[in-house]
Each structure stands twice: as structure tokens, then as C-alpha cells.
Amino acid sequence: MMHRLRSATIVFLLTVLVLPSAAAGQDAGVIDAFSRQIAADVEADGIGGITAAVFKGDQVLWAQGFGWADPANRVPAGVRTIYRTGSISKSVTAILMADLVEEGTVALDDAVVDYLPEATGFGDPPAGMEPITFRQLASHTAGLIREPELEGAAAGPIEDWGYKILASIPHTRFYTMPGTQYQYSNIGYGVLGYALQRAAGTSFMDLVEDRLFEPLGMRSSAFIVGPDLWRRVSVGFANGGDGAVNADFPALEHEGRGYKVPNGGVYATVGDLATFAAAVMGMTEHELLEPATRREVMTVQTPEDPDAGYGLGFSIRPVALEGGRDVRFVGHGGSVAGYNMYLVFEPESGYGVALGRNYNSGATSLGEAGNGLLRALLEAGG
């Protein structure tokens with residue numbers, strides 16, 4: 001397709017952003033109750049911060065930071081705070097794939113081995129299986145195990161991620177026959193990104209920058225964070241049920257997580273995630289994908305349930321609102337050491353919620369909070 005590029009950047013202030021005309025009335029009451037709860041949760045946790053945003057199409061209605069991006073230096077969490085997106089990176093990789101499909105570089109049902117012959121090296125292939133496809137990798141139906149059985153696969157500098165992919169393939173086995181069931185696979189998405197790189201003949205990270213981040217104006221998103229963005233990256237804190245809080249491991253992972261780039265390497269603000277979601281819904285001035293491709297991305301590809309499951313890079317589930325209206329929630333969560341993010345949107349109304357946090361566990365479940373807020377906004381008249 002021909003890209004039509006116009007300015008499509010969502011712009012943020014420092015700590016709180018509100019567009020009064022857009023967030024008035026019933027929305028404002030829902031958002032106020034939500035913000036008070038998040039503020040209380042972050043204060044009770046006493047670790048770091050959360051940034052939240054509500055958007056409709058390409059307009060952010062409200063965004064606010066709570067707590068601290070860097071507690072030691074008293075830097076508050078704000079709307080420009082950058083977090084690690086974790087597995088929301090899979091959504092980015094799937095949309096890159098969809099863009100390359102439209103261009104004709106690959107087809108969804110092409111065999112991955114046609115572009116990445118090393119993919120014949122997966123272990124324990126089921127008898128009689130057909131070669132795995134791009135569609136299967138992007139929908140977690142390729143039948144591969146979650147992680148490669150290779151020590152150190154998920155560690156090491158980001159520049160060497162491709163070498164870790166190739167080293168991991170012989171240590172990755174099939175769990176099920178491809179196409180027969182949903183089987184979440186981090187290494188599958190790593191292979192997907194590397195196969196796209198091979199097919200396009202261009203660095204995967206450059207493809208994402210040039211085809212997604214730059215044209216959409218996602219200027220706070222990156223795989224490798226330069227000095228200008230680094231000052232806005234929140235300090236990550238790994239914590240769990242035992243009460244221990246560790247900042248050292250999240251800091252180390254900024255240098256790289258081995259093969260985990262297409263499936264977990266993106267840094268972003270909640271505002272950039274809002275822009276990304278708006279583009280997936282076809283609600284940005286830059287038309288990223290054609291309508292038929294967007295529909296395919298947001299169509300359940302997994303065999304268990306035709307209405308609920310995984311599409312191409314997104315989880316999809318039906319939601320019955322009060323009053324009898326049925327909608328679909330499309331989204332993804334992500335978690336790495338010291339960081340969580342969550343993105344969810346409803347494609348018909350354009351409403352969505354993006355959340356980021358610089359610690360792993362707390363009073364707020366980002367998924368429950370994001371879905372609950374989106375539901376409340378839609379039931380309030382959205």
C-alpha cells in the first residue's frame with residue numbers, strides 16, 4: 001500500500017494532561033474515580049510509579065502520572081515517563097509483519113523456512129507436519145514451546161539478539177502440531193522478527209523505526225535508548241510476594257535481554273502506545289494499514305473459540321456491557337524485570353486505555369484496571 005503521511009503525533013505535557021472538552025461529563029467522573037484509586041494504590045505500594053492514559057482515536061482525553069519514576073532523585077512519574085513495554089512488543093512486531101504483507105515482501109501463509117532456512121532445525125517436529133507459517137508464529141499457533149532450552153538465551157547485549165535467535169532454534173522443540181492449538185511462545189515471536197528481517201533485507205529494529213515509530217510520530221519509543229530519551233526512562237524495581245525490591249537486575253537488562261527483542265524489547269510512553277493503538281484501529285492521519293488488513297489483525301486466529309483468543313499480535317475477547325451492547329476488547333500486556341505495561345482498546349468507539357508501571361507487583365493489577373476503566377467509560381456513554 002502507499003503510505004499517506006501527515007502529522008499524527010499525540011503531544012503530552014509533563015505530569016498531567018487533560019483535554020477538558022473531550023473528557024467532560026460522564027467520562028470525567030469515571031476517570032476521577034479511577035485516578036483516585038490509582039493514587040491510593042501507588043502510595044500504599046511505596047515503590048515507584050504508574051502512568052495512565054485514556055484515549056479516543058488519536059486524541060488523548062486524559063493522562064496522569066502517580067508516584068515516582070525515580071524515587072531516589074525525586075523524579076515524579078509523568079505523561080512523558082518511558083517504561084519497558086515487555087510483550088506489547090509482540091503487537092509491534094505483528095503490525096510490522098502486516099505492513100510487509102501489504103507491501104508483498106511476505107505473505108501470511110508463506111512458509112517461514114523459505115526466508116529462514118535455519119527454521120528447519122526446530123526439535124521434535126510432529127510427523128507429517130507442514131512448514132510453519134508467518135500467520136502461525138504471529139498467532140501463537142506454530143506449536144513451539146514458550147522458551148528455548150538454551151542457557152543464556154535471554155541474556156546478552158541487544159546487538160547480538162539475532163545470533164541468540166539462531167543459537168536458540170536447535171534448542172526449541174515443538175509442543176503441538178502447528179495450527180492445532182494456542183501455545184504462547186516467546187521464542188516463536190523472536191523467530192518471527194528475525195524472519196521478517198531476512199525477508200526485507202533490513203535490520204528488524206530499523207524496519208520498526210522506519211515503518212512504525214517514525215511515521216506515527218512515536219518519538220518516545222525505541223529499542224536502543226539514546227541520551228535524549230534515557231533521562232525519561234523510569235528506574236525499574238523487581239519485586240514480588242516476599243517484599244524484596246531489587247533495582248539491580250532491571251538496570252542490567254537495559255543492556256540487553258538476549259534474543260528477546262521482537263517479543264519484548266520496546267521502550268515507550270503511554271502516549272506512544274495510545275498512538276500505536278489508534279493506528280491499528282485506523283484512526284490516525286497516517287493510514288498505517290488498509291481496512292482489510294486491520295480486520296485480519298483483530299480477528300481471532302486461534303482455533304479454540306471463534307470469538308475469543310489471539311489475533312495477529314493481540315488478545316481479543318467479547319465483552320457484554322450493561323444495557324445489552326456487545327463489544328470487543330483488543331489488547332496486550334507486557335512484563336519484564338521491573339516494568340509492566342498494559343494496552344487495551346475497543347475498535348468501534350476508538351476508546352482505549354494505556355498503563356505503565358516501573359515495578360512488577362502492587363495493589364493495582366494493570367490488566368484488571370485497564371479493562372475495568374475501558375468498560376466503565378463505554379458504559380458511561382462512550
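## Starting in a loop: E118

E118 sits in the loop between α2 and α3 (134–138); helices here are DSSP runs of H or I at least four residues long, strands are E runs of at least two, and both are numbered from the N terminus. This is a predicted model, where local features need pLDDT of at least 70, side-chain atom pairs count only at pLDDT 80 or more, and totals for chains, interfaces and linings use all residues. Residues are numbered from 1 along each chain as its sequence is written, and side-chain values use heavy atoms, with hydrogens and water left out.

With a relative accessibility of 31%, E118 counts as partly exposed (buried means under 20% relative accessible area, exposed over 50%, partly exposed in between, with a 1.4 Å probe and protein chains only). Setting aside residues up to four places away in sequence, E118 touches L166, I169 and R198, where contact means heavy atoms within 4.5 Å. V300 is 182 residues from E118 in sequence, and their C-alpha atoms are 29 Å apart in space.

## Others in the α2–α3 loop

D124 is in the loop between α2 and α3 too. Its phi is near 55°, a positive value in a residue other than glycine. D124 is also exposed, at a relative accessible area of 53%.

P126 is another residue of the loop between α2 and α3. Leaving out residues up to four places away in sequence, P126 touches F174, T176, M177 and P178. From P126 to G243 you go 117 residues in sequence and 44 Å in space, C-alpha to C-alpha.

## The whole chain

Zooming out, the chain has 11 helices and 13 strands. Its radius of gyration is 20 Å, close to the 21 Å that the globule rule gives for 382 residues, so the chain is as compact as a globular protein of that length. That radius is taken over C-alpha atoms, and the rule is 2.2 Å times the number of residues to the power 0.38. Along the principal axes, the C-alpha atoms fill a box of roughly 60 × 45 × 40 Å.

Of the 382 residues, 57% are buried. Take the contacts between residues at least 6 apart in sequence: 71% of them join residues at least 24 apart. The accessible surface is about 14900 Å², and 51% of that belongs to carbon and sulfur atoms (areas come from the Shrake-Rupley method with a 1.4 Å probe, and for residues only the protein chains shown count as cover). As for charge, there are 26 positive and 44 negative side chains, with the centres of the two sets 4 Å apart. Lys and Arg count as positive, Asp and Glu as negative, while His and the chain ends are not counted; each charge is placed at NZ of Lys, CZ of Arg, CG of Asp or CD of Glu.

## Nonpolar cores

The largest nonpolar core has 83 residues, and F55, I95, F223, L343 and F345 touch the most other members. A core here is a set of buried Ala, Val, Leu, Ile, Met, Phe, Trp, Tyr and Cys residues joined through side-chain atoms within 4.5 Å. Helix α2 (residues 88–103) gives the most to this core, with 8 residues.

Leaving aside neighbours within four places in sequence, I95 is in contact with L212, F276, V280, L288, L289, V297 and F314.

All 11 of the 11 residues of helix α9 (residues 270–280) are buried, so α9 is largely enclosed by the rest of the structure. Just after α9, G282 takes a positive phi of about 75°.

S220 lies in the loop between α6 (204–216) and α7 (227–230) and is buried at 11% relative accessibility. Not counting residues up to four places away in sequence, S220 touches I82, L229, R232, Y267, A268, T269 and D272. S89, in helix α2, is buried as well, at 1% relative accessibility. Beyond four places in sequence, S89 touches V261, P262, N263, G264, G265 and V266. Y189 is 100 residues from S89 along the chain, with 9.5 Å between their C-alpha atoms.

R74 is in the loop between β3 (59–70) and β4 (75–76). Its phi is near 55°, positive in a residue other than glycine, and at 55% relative accessibility R74 counts as exposed.
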